[in-house]
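Here is a short briefing on side-chain contacts. It covers ring pairs and charged pairs.

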Amino acid sequence: MNKLKPFILPLAVLSVFTLTGCGNQDNTSYNKLEERVEQLEQEVASLKKASTDNSINNVDTADSADNTADTPADTSKNSTTDTIESLTKAVDEVTAKADSATPSGNTDEKTTQFFNLKDELDLIDQRLDSYEDYIESQYKQGNHSYDDYRSQKRTLKELEDKLDASEDKLERTFRIDD
């Protein structure tokens, strides 16, 4: 045991100095991280305030700009102007067109033809989704009964299934798995 005493004391002192050095680095890093978090929280708060101010002043402008930027002008429809009947007619027309399509031309022309038809199917699908959101909000606001909501939702599901089947057939016809 006496032989180990000269080694234990220097080892303990060395350990204390080593751990103290690590502790200072961690505190420095920790303090830098705390400062950065505070800066980010301030930025978030200022962005929220700016966003709230802008949204109050520009609600109508932002809504119209978003709607025109996301959808082409010839196919944009407000979800409140759609009805189950208009959506059923649109689904019937686009699925008939897609189902009767036959590939023609070279590979590039066939690919373009496929994606044009697929885009038409996708646009109708977006209209269905928008109308589904609309009827859900109407139900939540108490403007529709649960039975009306459920019936319309079931019809929308059938229309979406019809679109999906038509898209699958289109992929098989053009031999493109998208």
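The notes below take aromatic pairs, then salt bridges.

This is a predicted model: local features need pLDDT of at least 70, side-chain atom pairs count only at pLDDT 80 or more, and totals for chains, interfaces and linings use all residues. Residues are numbered from 1 along each chain as its sequence is written, and side-chain values use heavy atoms, without hydrogens and water.

**Aromatic pairs**
- The whole structure holds five aromatic pairs (rings of Phe, Tyr and Trp, the last by its six-membered ring, with centres within 6.5 Å; planes under 30 degrees apart are stacked, over 60 edge-to-face, the rest tilted).
- Phe 114 and Phe 115 pair edge-to-face, at 5.0 Å centre to centre and 75° between the planes.
- Phe 114 is buried at 0% relative accessible area, while Phe 115 is partly exposed at 33% (buried is under 20%, exposed over 50%, partly exposed in between; 1.4 Å probe, protein chains only).
- Ring pairs join Phe 114, Phe 115 and Phe 174 in a cluster.

**Salt bridges**
- The search finds nine salt bridges (a side-chain nitrogen of Lys or Arg within 4 Å of a carboxyl oxygen of Asp or Glu).
- Lys 162 and Asp 92 meet at 2.5 Å, N to O.
- That pair links helix α5 to helix α3 (residues 84-99), 70 residues apart (helices are DSSP runs of H or I, at least four residues, numbered from the N terminus).
- Lys 162 is partly exposed at 37%, and Asp 92 is partly exposed at 33%.
- Asp 161 bridges to Lys 157, with closest N and O atoms 3.2 Å apart.
- Both residues, Asp 161 and Lys 157, sit in helix α5, four residues apart.
- Lys 118, Asp 122 and Glu 167 form a salt-bridge network.

Terms used. Helix = DSSP H or I, 4+ residues; strand = E, 2+ residues; numbered from the N terminus.
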